[in-house]
Amino acid sequence: MSATTLIASEQHQDKPSTPLTKSLIVLLPFLFLLLAASMLPDWAVQVPKNWTVPFVDWANVLVEHLRDDTVFGLFSFRDLTRGAAELITWPLAIVEGLLVAGFPAIGLPAMPWLMIMGLAGLLGWHLRDWRLALLSAGCVAYMAIFGKWELSMITLSVVLVAAPIAGLIGFGIGILAVKRPWFESLVVPLLNVLQSLPHFSYLIPIAVFIGVGHKAGAIATVIFAIPPMARLTILGLKGVAEEVREAGKMAGCTRFQTLWMVEIPSARQSLLVGVNQVIMQCLAMVVIASFVGARGLGHDLLFRLQALKIGQALENGVAIVLMAITLDQLSRAAAYKQPSHVAPDASWLQRFPFLAAAALVVLGSLLLTAITPYAQNWPSQFTLSTAPFWDALVRWVTVTLYGPLQVLRNAMLLYVLIPIRDLFQGIPWTAIAALVAAAGWALGGLRLALTVLGFVLFIAFAGYWERSLITAYMVTVAVLICVIIGLPIGIWASRSERRTGIAKLLCDTFQTFPSFIYLIPVIMLFKVGDVAAISAIIIYALIPIVRYTIFGLRNVPAEIVEAGITSGCTRRQLLWNIRMPLAFPEIMLGINQTIMFALFMVIIAAFIGTKDIGQEIFRALTFNDAGKGLVLGLCVAFMGLTADQLITAWATSRKRRLGLA
Amino acid sequence: MSETKLACRNLWKLYGSDPSGFLRGQPGTPSIETIRVGGYIPAVRDVTLEVMTGEILVVMGLSGSGKSTLLRCLARLIEPTAGEVMFEGRDILAASEREMIDIRRHKMGMVFQHFALLPHRTVLDNVAFPLQVRGTDRQKREARAREVVELVGLKGREGYYPRELSGGQQQRVGIARSLAVGPDVWFLDEPFSALDPLIRREMQDEFLRLQQMLNKTIVFITHDFDEAIRVADRIAIMKDGVVEQLGTAEELVTHPATPYVAEFTRNVPHDRLLSVRAVMAPASSRTPETTAVRAHALLASVARQVLSSERPVDVVDDAGMLVGTLSRDSLIDALYSAEVPA
Ligand SMILES: Nc1ncnc2c1ncn2[C@@H]1O[C@H](COP(=O)(O)OP(=O)(O)OP(=O)(O)O)[C@@H](O)[C@H]1O
Ligand SMILES: [Mg+2]
């Protein structure tokens, strides 16, 4: 293969080369293969059909074996997974019963909506302040008043059940990884891949091994949320200062005491940030899990979108967004809440004011329920709907913006998307493999080169090269536009404390939205197709680039900036000669994240009719084709990991050279 | 001084891929170059020392000279590459994990440079932590913790969390925690260097006050010579993992064993360090004058008298016998010339 010979022949050239020659070495084989495309043999341009390695068949053999053959003597693996899945039925039933369904068997109603509202408000107040109290109580009230009660409470119960389970499993994995190095070296690469697998890839095996339905959706949610918790547990426990660990040891802690009384409490904040992540991932997944039949807000949203009832979809979207913001704010507040002392002579009431208030809320709401049924359920005749408003908005958009939007859409397609797509499809696959391998070699040596080359070859020989190219083209276009829009926004926002605050708040808020939500406005504006898909990707993937640009620019060491000021730099010179070069590695990491986000979104955008690899995954989901789903998922993950490995290697070495790391 | 409390013999700590294999493969004692060329980082090299019961041994040296590593080897927080560590006459490197836990629970305490408090526990709970770990019941351990908290002057702050305290207060909590179990041996790794100078001074006084009451066996690390002189019975000076010299402050100044020690002690204020005995001239036996000064007095305390006297001042020992004379010139030489009288 051209790429491997390339590595072999250039390996001994170890002397430091200038950036120019280095980038030439990286680009030359690529350019050569690209320009010589017409003269190359066919196999070097298109991946020959008969070269396809039957990964899919292998995966399916494995899946079928697990599904049908008895492995544990009496039952098959699928029986086992289905049995395990039954375990989640109970907590789910209990929480759902508490929040919305009640317990008809023992004649107990669900909690009154007033009680839930009061408790939510108290929680917000306890964790931060009255504003958070208002937000959480308001969120609950919104669900009741605007007729989203049942749907939202079902969604909430899945999150409330799935998050602790996923959190505990991830926590356990993290602890084991920190305590057992062999387990860490095993699990960390796996976590990397799992975290770059698109949502749908989790759904297909679930559908095969557990089936479809609400329970299956809950399980998918649990599994999806495990990796971030495991990762943050590892990070948190490793971040505990060695001195603190030694202090525990000197106090005579056993290993277990060190872990339980010293390390875990000291890592509390990282762990709680992990919990926040878990909750948000759960919410994002439970919306998407509606594809395998999870009930709740997501299911309703999917249903309305499929019926192109955009107004009603928007109404659901708002409810999901509101829930996302509230859950995020609450769990974030929990993570950043610091303990503070109470007066030694404080009474019970002063020590636990919130427990007392909670008891009061419970009693009060029960009392009210006895007086009026309105306290139990929001009266349906007073239910408001925002759908007419959204419908009017959608109608207005369609009527007034139809013309300009059509023009924009066609122009995009004709002058940008189609040319770039054709360009991408004209690149010989060997050229891409050579480019990736050479970049890997230049940035991280032979090991990195082989890793990323392995990723590319997997995609090439899995049999979905052309589909992958379409995905790559959409991601590339979207990421380019993101950079063009996001960089100036980031630069603008980094100028002052106030702007940074605003931009960060917006980023934080938008990032909490489940990705599926972003499809609603683009369907409204562009209906379906590539332009719609790319727009959705852009909105979603804009967040990290803005965030990292701000972070990078604001974290340039103050003395260096001051040195620039004292040398008489203008603001423009400061930006371009000092801030930008120093912030650049960070910005590249932002672009890396943007690529990851874009890959996630491009797969979800399959829902609105793209022709890329996402569409194939979507089809695999419909036909329950687990092997294909898995291989396609890996293709997507490997695309992301290729970019991730290359960019991270570059940014790390660059930061080290700048003395920033 | 009485018996040996803590000692180490030929203690080594190297960092690298296979340090003990490397060390065993060396004929004799490898030089620092051999170690570095072999790809190892020498942190502690062939250290032998003893700490007596009730003694304060200060370990000094520049950053990276291996002080912390030595201390952690003595407490067996890290495993030495070779050598022995004797605690109360037994080799603790041979002790099992269980025995080690037992020793730490009852006989050792440590104060850390960056306090190392547990952020989620109140002052009282932090101090009670070592007691909790060894299973003392709540009432007893809180009573004891209150006692120690009061001892370090933090009464009234028992319910505070570490982040609600200043640096000096946090280190008091660290000291209280290390004293809670009433350890015999007290390890302090640069306990005051994260504090600003005024607070540091105050904490040193506090430390000396406590030591006067408690009379522990102490290994104290610092890189501040003034601090060393204030607290030390004996001082060990380390360089590149080796103890260059171990002795009283006066010995280090008057008889530096290596040029490095001489360099290290050059800027020390001699008047607070040297005694009259170190700089006096011998005298023939006769009856001392009534204005005579004591031989073990520090120069600072007699400077005024000697400098205002025309003639050399007589020096007597504790028994009142004349042992020498001290002239104005030799005092000035001792204090202000670079040459230290032998
Ligand atoms: N875990 C480790 N791995 C590799 N080298 C280490 C490790 N710990 C310490 N060293 C090295 O051992 C040497 C001695 O370190 P040590 O921390 O004991 O120095 P120190 O005298 O306490 O310095 P300081 O005053 O900065 O605390 C240093 O060169 C250090 O780099
Ligand atoms: Mg140290």
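Which backbone oxygen does the side chain of Thr254(B) reach at 2.7 Å? It is the backbone oxygen of Glu250(B). Keep in mind that this is a predicted model.

**A closer look at Thr254(B)**
- Thr254(B) sits in helix H10 of chain B, which covers residues 249–254.
- Thr254(B) counts as buried because its relative accessibility is 13%, and buried means under 20%.

**How much the two chains share**
- The size of an interface is often given as the accessible area lost when the parts come together.
- Here, chain A and chain B bury about 2,300 Å² between them, and 61% of that is on carbon and sulfur atoms.
- On the chain A side, the residues that lose the most area to chain B are Glu243(A), Met250(A) and His341(A); together they make up 30% of what that side buries.
- The contact draws on 21 residues from chain A and 32 residues from chain B.

**Links across the interface**
- Two salt bridges are counted between chain A and chain B.
- Glu246(A) forms a salt bridge with Arg72(B), and their closest N and O atoms are 2.7 Å apart.
- Ten residue pairs are in polar contact across the interface of the two chains.

**What chain A brings to the meeting**
- Helix H12 (242–250) and helix H13 (255–266) of chain A each supply at least two residues of the side that touches chain B.
- H12(A) gives the most to that side, with seven residues.
- By type, the residues of the side of chain A that touches chain B are nine nonpolar, eight polar and four charged.

Key:
Residues numbered from 1 in each chain as written. Chains lettered and ligands numbered in written order. Predicted model: local features only at pLDDT ≥ 70, side-chain atom pairs only at ≥ 80, totals over all residues. Heavy atoms only, no water. Contact = heavy atoms within 4.5 Å. Buried area = accessible area lost by both parts, 1.4 Å probe. Salt bridge = Lys/Arg side-chain N within 4 Å of Asp/Glu carboxyl O. Polar contact = N/O pair within 3.5 Å; in protein donor to acceptor, adjacent residues only side chain to side chain. Helix = DSSP H or I, 4+ residues; strand = E, 2+ residues; numbered from the N terminus. Nonpolar A, V, L, I, M, F, W, Y, C, P; charged D, E, K, R; others polar. Buried < 20%, exposed > 50% of the residue type's maximum accessible area, 1.4 Å probe, protein only.
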